[in-house]
Amino acid sequence: MSHGGRVLVYGGKGALGSAVVSQFKSKGWWVVSADMKPNDHADANVIVKDETKMTEQATEVIRDVASVLGGDNKLDAILCVAGGWAGGKADGNDFVQSCETTWKQSVWTSVVASRLASSYLRSGGLLVLTGAKAASDGGTPGMIGYGMAKSAVHHLVKSLSSPQSGIDEKSTVVAILPVTLDTPMNRKWMPKADFNAWTPLEYVAGLLYGWMSEVDRPQNGSLIKLITESGKTTLQAE
C-alpha cells in the first residue's frame with residue numbers, strides 16, 4: 001500500500017469528495033481539493049468558479065493547480081468524484097436545463113481532470129472518473145441528461161485508456177459506476193428508501209485508496225459498477 005503520496009480530489013468538498021479527502025489525509029497523503037468551496041481538511045484548495053464556458057473554467061483551474069503544485073508538480077492520483085443528479089424527460093419544461101446542469105457537473109469536471117492528468121499525473125499514476133451504473137445498463141428515460149452525461153464519462157474513460165490518448169500509457173484510467181451513494185442529501189430526499197441498498201461513502205473512499213496499490217488496481221479502461229445489496233457492496237467490472 002502506498003503511503004505519503006500526492007492526490008488531487010476534484011469535487012473535494014462534496015459528500016463523496018470530503019470522504020475521499022479524509023481517507024487519504026488519514027493515511028498521511030498530501031491532498032489538494034478542487035471544488036467551488038474549500039475543504040478545510042485538505043492541504044491546499046483550488047476554487048472552481050461557475051463559468052459560463054468550459055474553456056474559461058478549465059483555463060483557471062489548470063492555472064491554479066499549477067500554482068499549488070509548484071516545482072514538485074507530479075501527482076500519484078487524480079480522483080474526479082464531482083457530479084450530481086437531475087431528472088428530466090424530453091417533454092419537461094426543465095429538460096434542457098437538466099441536460100446543461102448534469103453535463104457541467106459530470107462532463108466538464110471529467111474533461112478538466114483528464115487535461116490535468118495529461119500534465120501532472122506521474123507515470124504509473126491513477127485517474128478515476130465517476131460514471132453511473134444506470135447509464136451503463138441502458139436508457140434513462142426519466143433522467144435523460146444525467147444518463148447522457150454519465151455515458152459520455154464512460155466513453156471518455158475508454159478513450160483515455162487507449163493508446164495515443166495523451167495519457168501516459170503506464171498510467172491507469174478507470175471509472176466508478178455507483179447506483180446510489182449513501183449521502184445526507186439522498187437520505188433527505190428519499191427518507192423511505194432502503195439504505196442497505198446504498199453504497200457507503202467510506203467504502204468508496206477506502207476502495208479508491210486501496211487502488212493506489214498497483215496490485216489491487218483494476219485493469220486500465222475498466223468501468224467498475226458498485227452494487228450494494230443488504231449492506232454488502234460487490235464490484236462488477238465492465
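A residue is called buried when its relative accessible area is under 20%, exposed when over 50%, and partly exposed in between (1.4 Å probe, protein chains only). The model is predicted, so that local features need pLDDT of at least 70 and side-chain atom pairs count only at pLDDT 80 or more, while totals for chains, interfaces and linings use all residues. Residues are numbered from 1 along each chain as its sequence is written, and side-chain values use heavy atoms, without hydrogens and water.

Helix H5 comprises residues 144-160; helices (H or I, at least four residues) and strands (E, at least two) are DSSP runs numbered from the N terminus. Its buried residues are Gly145, Tyr146, Gly147, Ala149, Lys150, Val153, His154, Leu156, Val157 and Leu160. The elements covering these residues include helices H3 (95-120) and H4 (133-137) and strands E5 (121-130), E6 (172-178) and E9 (223-229), where contact means heavy atoms within 4.5 Å.

Across the whole structure, 4 aromatic pairs are found. Rings of Phe, Tyr and Trp (its six-membered ring) pair if their centres lie within 6.5 Å, and planes under 30 degrees apart count as stacked, over 60 as edge-to-face and the rest as tilted. The pair of Phe24 and Tyr209 is edge-to-face, because the ring centres are 5.3 Å apart and the planes stand at 80 degrees. This pair links distant parts of the chain, with Phe24 in helix H1 (residues 15-26) and Tyr209 in helix H7 (residues 201-210), 185 residues apart. Both Phe24 and Tyr209 are buried. Ring pairs join Phe24, Trp29 and Tyr209 into a cluster, and Trp29 is buried at a relative accessible area of 2%.

Technical notes
The expected span of a helix is 1.5 Å times one less than its number of residues.
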